[in-house]
Amino acid sequence: MARIFLILNDPLIAARMRAAIDASPDLETCGWVATLDQARVPLAQTRPDLVLADLQLADGPFASLLDPLCHSGRYGRPKAMVLAPAPEHPHLLAALRHGADGYALQGRPAESLIAALHQVLRGESQMAAAIALRVKEHFAAPVAGLADSIGDAQNPLNLSGLERRILD
């Protein structure tokens, strides 16, 4: 059973999401808070499999918690998924750059959220065309000094042929 921790601004939306997640036979919620500050201690204690959060919380963007969440053993290295109002939202790409594993769009049916949670838990993620274009642009920008010192094929900041085909 996968354990999901929620960091959501609106208590009514959080209650609806908890009900939808807990109704799924292989998912369960293990906590809910409304701010990043409130999340730090329970996340370390519960060590969820996945954290589902709003992009922007009352005390800052979820991206600010992603670095310690993804790069520290303190929280058990859970997967992270954000709720976005649209794929073009400016904070969405920042969250993905900081380590979010996927996203779901707000206002979609509960079944869509559950399917997205399962997808991220399997290590997969959807990617809207607008995001794929922005990711391609990000990797197309040259990194000063690296082209001369590391061959393009060995540069970890360049996309592989397979990664480029997936984005295309």
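Helices here are DSSP runs of H or I with at least four residues, strands are runs of E with at least two, and both are numbered from the N terminus. What we're looking at is a predicted model: local features need pLDDT of at least 70, side-chain atom pairs count only at pLDDT 80 or more, and totals for chains, interfaces and linings use all residues. Residues are numbered from 1 along each chain as its sequence is written, and side-chain values use heavy atoms, with hydrogens and water left out.

Let's start with helix 2. It spans residues 36-46, and Leu36, Ala39 and Leu43 in it are buried (under 20% relative accessible area, with exposed meaning over 50% and partly exposed in between, for a 1.4 Å probe and protein chains only). These three cover an arc of only 40° around the axis, which puts them on the same side of helix 2; the arc is taken from the directions from the helix axis to the C-beta atoms. An α-helix has 3.6 residues a turn, so residues three or four places apart point the same way. On the face turned away from the buried side sit the exposed Asp37 and Gln45. The cover over the buried residues includes strand 1 (2-7), strand 2 (27-33) and helix 3 (63-71), with contact meaning heavy atoms within 4.5 Å.

Now the cores. A nonpolar core is a set of buried Ala, Val, Leu, Ile, Met, Phe, Trp, Tyr and Cys residues joined through side-chain atoms within 4.5 Å. The largest one has 28 residues, and Leu43 and Val82 are among those with the most contacts inside it. Helix 3 supplies the largest share of this core, five residues. There's also a second, separate core of 18 residues, including Ile21 and Val120.

Val82 touches, beyond its neighbours within four places in sequence, residues including Phe62, Leu92, Gly102 and Ala104. Strand 6 (residues 79-84) pairs with strand 7 in the parallel sense over four bridges; pairing takes at least two DSSP bridges. Met81 has Gly102 in strand 7 as its bridge partner. In strand 7 (residues 102-105), Gly102 and Ala104 point one way, Tyr103 and Leu105 the other, and all are buried.

Finally, the charged pair. The count is one salt bridge, that is, a side-chain nitrogen of Lys or Arg within 4 Å of a carboxyl oxygen of Asp or Glu. It joins Glu124 and Arg122, with the closest N and O atoms 3.0 Å apart.

| Residue | Relative accessible area | Class |
|---|---|---|
| Glu124 | 38% | partly exposed |
| Arg122 | 55% | exposed |
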